[in-house]
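Please walk me through the side-chain contacts of this protein, starting with the charged pairs and going on to the aromatic rings.

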Amino acid sequence: MDVTEDRHELKPEVDLDDSQDTDQPAFEWMRTSNAAALRNRSNGAPDGAGASGADHDRTESSAEGEDTGRHGAEAEGEGSEHADLAEGAGAGTAYESRHSATTDLREPSPTSALQMRPPEDEVRRRTAQREAAAKAKPVAPRVLQVLMAIFMPFLLLIGAVRLVATPAFLWLEYFRPGFPGDGYGFSVDDRLTYGSYALDYLANFAGRRYLGDLQLPSGSPLFTEGEVSHMADVKLVFLLAYAAGAVLLAFFVIVYFVLRKRRGAFARGLFAGAIVTFVLVVALAVFAIMGWQTFFTDFHHLFFANGTWTFQLSDTLIRLFPSQFWMDSAIVIGVLVLVVSSLTIIFAWPTKKKSEAADAELARTRE
């Protein structure tokens, strides 16, 4: 049986070659048969003769035929592989030759400009900007330090007022030598008892009845309606001041945690605030010394309406808190604030060593 004929019987012939070139089969599996046919043609024998001759040879010697077939298959496979490589190489060469001209005419890639060094003027300008940015100090710490300098006088004044408005200070006043007595019959014990009620009212959340229901041993009210109304106004001012002091204290605590990573930043804010506080208190002290009555009147005009804070010498508030009490209170408040601000200036003084350490810390932070 002819092997070539068997192959053509198992696989139907499909001719899709438009060029009608019988030497180039349409399918890969047809290459072996066509290669054998081409060899027969080159030897001068027809395709059928070559096939019958191969069959006759196989019948004469099975061993020789098997070797011949095996070598022939290997040769055909190698020929087919070389033909495929040749076709691939030819196609690649044709593709390169067809697109080489187009590739050479393309413009450079946009990213190729990134590899170009900018002009020297531009390099110097960018370097100067980087150096200026590195030397520039952050704005936020400066803003916080300015706010500390503005708020510190109020915080210290509120704290000093809170220390003075206590029964302990009242006791020191009543028992200090030279403090004027009451010409209408209050003893020191009476003053301390009734005065403590008034100071406690300023610090608690009780209503007017806390003072309005107080009575003298004779059964008459201790405070008049006008006195109770004024004490209610004073209480409102005190509570607002205490609330503002709590907010300012919280602000300083928050600023401390924000600036603690910057060496000396919080201390510089305290130093600036202490300077402002010291100057402000000295100015107020000079104004009070030049005219105490004017200072006291202007202070009350700032917080209270006219006619609501003036009383008779026989009224309880004047008997408990005479003019000398307010002068002593102002002196103690001023001294406390000056002492605290002076100590702050001493300990927060920006020495050269502290400045160098702060600059080194800032440089390490930026690195």
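What follows takes the salt bridges, then the aromatic pairs, then the charges placed over rings.

The model is predicted, so local features need pLDDT of at least 70 and side-chain atom pairs count only at pLDDT 80 or more, while totals for chains, interfaces and linings use all residues. Residues are numbered from 1 along each chain as its sequence is written, and side-chain values use heavy atoms, with hydrogens and water left out.

A salt bridge here is a side-chain nitrogen of Lys or Arg within 4 Å of a carboxyl oxygen of Asp or Glu. By that rule the count is five salt bridges. One of them joins the side chains of D182 and R319, with 3.0 Å from N to O. D182 lies in the loop between α7 (167-175) and α8 (188-203) and R319 in helix α13 (residues 316-320), so the pair ties together parts that are 137 residues apart in sequence. Helices and strands are DSSP runs numbered from the N terminus (helices H or I, at least four residues; strands E, at least two). D182 and R319 are both buried. Relative accessible area sets these classes: buried is under 20%, exposed is over 50% and partly exposed is in between, with a 1.4 Å probe and protein chains only.

A further salt bridge brings together the side chains of E225 and R208, at 3.9 Å from N to O. This pair links distant parts of the chain, 17 residues apart, with E225 in helix α10 (residues 225-259) and R208 in the loop between α8 and α9 (209-212). E225 is exposed at a relative accessible area of 59%, and R208 is partly exposed at 42%.

The side chains of R209 and D213 also meet in a salt bridge, at 3.0 Å from N to O. R209 is exposed, with 65% relative accessibility, while D213 is partly exposed at 46%.

The aromatic rings come next. A pair of aromatic rings is described by the distance of the centres and the angle of the planes. Rings of Phe, Tyr and Trp (for Trp, the six-membered ring) pair if their centres lie within 6.5 Å; planes under 30 degrees apart count as stacked, over 60 as edge-to-face and the rest as tilted. Across the whole structure, 21 aromatic pairs are found. Among them is the edge-to-face pair of Y256 and F266, with 5.3 Å centre to centre and 80° between the planes. Y256 is in helix α10 and F266 in helix α11 (residues 265-290), so this contact ties together parts that are ten residues apart in sequence. Y256 is partly exposed at 41% relative accessibility, whereas F266 is buried at 18%.

F296 and W326 form a tilted pair, 6.3 Å centre to centre with 45° between the planes. F296 is buried, with a relative accessible area of 17%, and W326 is partly exposed at 37%. Both rings belong to a cluster linked by ring pairs, which also includes F169, F287, W292, F295, F321 and F325.

Finally, a charge sits over a ring if NZ of Lys or CZ of Arg is within 6 Å of the ring centre and within 35 degrees of the ring normal. K235 lies over the face of Y201, at 4.2 Å from the ring centre. R319, the salt-bridge partner of D182, lies over the face of F186, at 3.6 Å from the ring centre.
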